[in-house]
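Here are my notes on this model, point by point. Please read them with the structure open.

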Amino acid sequence: MEKHGNTNSAVKIVVNSMTANPTKLWEKLYVHQKKVQKKLNALDFTAVKPRIKDHTRFVLISDTHNKTKQLDLPEGDVLIHAGDFSNVGKVEEIDHFNEFLNQHKNKFKHVIVISGNHELTFDPITFAKNSTNMYKTNLIDSSEIKKRLKNCTYIEDEALYINGFKIYGSPWQPEFGGWAYNVERGEKCLEKWNMIPDDTDILITHGPPLGYGDCCSSGLRAGCAELLSSIQLRIKPKLHVFGHIHEAYGIWSDGTTTFVNASICDLQYKPSRLPIIVDLKTPIV
């Protein structure tokens, strides 16, 4: 596993002047995006199909919120969970999720997990603000609680290589109700995205990019404009996996990147969605 800092890329992303109003900004951007954006049929990615030679099978889930009792995972090479595996990051919730992974880990060669905004104890800054009211204690050590995830590879602003794919995970998202891993829209978000290496093949974030799997039930957009720009102009990954906005579950493509909102729970926190399966040609290494 490798940890990366700033990419020093030749392509520099700038903050959009409308970034604080993502819904209005998307209306403007959609004039161009509609030429490349294509909504894919999720049913084509949830049915278990025969394996393809020289391909790696990725099974994608997010936002399970400890509602895993009835969640059956299909076999694959790599399981990816894009955050919000707990409700508020309590120790018993982490242990519950770890046991779920233990029950399924034999189906996969690799299990990769990132945090989401509900993993409050994983983010020491947010936890320090909320610990007294929510937990009645400030004695939980974020670095120690992460170690309880023994049945996966947990990554946070880090990259690793699997089957020749460079995979990068980031838990951050624009401010959303004072939860974990929240940063201010604009420069603060872009600082996080600038850490993502240019040559990332598979990007995992908890929050969505603007316009792809980010539409709330209210009709408002929750995605990050600078994340979209970073993906389309600089990183250009094969696959971007995220969750966060439960009601926006689905799959999109812009012709270069396949975008997957893999939220298992719906808006009512019922685990009503199926894992998404994506087969990618394994790089020659």
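1. The side chains of Glu144 and Lys147 form a salt bridge, with N and O 3.1 Å apart. Glu144 is partly exposed, at 43% relative accessible area. Lys147 reaches 51% and counts as exposed, because the exposed class begins over 50%. Keep in mind that this is a predicted model.

2. How many salt bridges are there by this rule? The count comes to twelve. Side chains of opposite charge can pair when their charged atoms come close. Three residues deserve a look as a group: Arg51, Asp77 and Lys109 are linked in a network of salt bridges.

3. Lys24 and Glu27 make another salt bridge, and their closest N and O atoms are 4.0 Å apart. That value should be read against the cut-off, which is within 4 Å. Both residues belong to helix H1 (residues 22–33). They are three residues apart there, so about one helical turn separates them. Lys24 is partly exposed, with a relative accessibility of 46%. Glu27 is also partly exposed, at 48%.

4. Arg57 pairs with Asp279 in a salt bridge, the closest N and O atoms lying 2.8 Å apart. This pair links distant parts of the chain. Arg57 sits in strand S3 (residues 55–61) and Asp279 in strand S15 (residues 276–281), 222 residues apart. Is Arg57 buried or exposed? Arg57 is buried, with a relative accessible area of 2%. Asp279 has 26% and is partly exposed, because the buried class requires under 20%.

5. S3 and S15 pair in the antiparallel sense, over six bridges. Within S15, Leu280 is the bridge partner of Thr56. S3 is joined to S4 as well, by four bridges, and those two strands run parallel. Opposite Val59 stands Leu79 of S4.

6. Now the whole sheet. Five strands form an open sheet in the order S6-S5-S4-S3-S15, and the pairing is mixed. Which strands are at the edge? They are strand S6 (153–154) and S15, each pairing on one side only. Strands of a sheet pair through backbone hydrogen bonds, either parallel or antiparallel.

7. Turn to the rings. A search of the whole structure finds nine aromatic pairs. One of them is Trp26 with Tyr212, an edge-to-face pair at 6.1 Å centre to centre, with 75 degrees between the planes. Trp26 lies in helix H1, while Tyr212 lies in the loop between strand S11 (202–205) and helix H6 (225–235). The pair therefore ties together parts that are 186 residues apart in sequence. Trp26 is buried at 6% relative accessible area. Tyr212 is buried too, at 0% relative accessibility.

8. Phe58 and Phe165 also form an edge-to-face pair, with 5.3 Å between centres and 80 degrees between planes. Phe58 belongs to strand S3 and Phe165 to strand S8 (residues 165–170), so parts 107 residues apart in sequence are tied together.

9. Phe85, Phe97, Phe100, Phe122 and Tyr154 are linked into a cluster by ring pairs. Elsewhere, Lys192 lies over the face of Trp172, at 3.9 Å from the ring centre.

Definitions and conventions:
Residues numbered from 1 in each chain as written. Predicted model: local features only at pLDDT ≥ 70, side-chain atom pairs only at ≥ 80, totals over all residues. Heavy atoms only, no water. Buried < 20%, exposed > 50% of the residue type's maximum accessible area, 1.4 Å probe, protein only. Pairing = 2+ DSSP bridges. Phe/Tyr/Trp six-rings, centres within 6.5 Å; stacked < 30°, edge-to-face > 60°. Lys NZ or Arg CZ within 6 Å of the ring centre and 35° of its normal.
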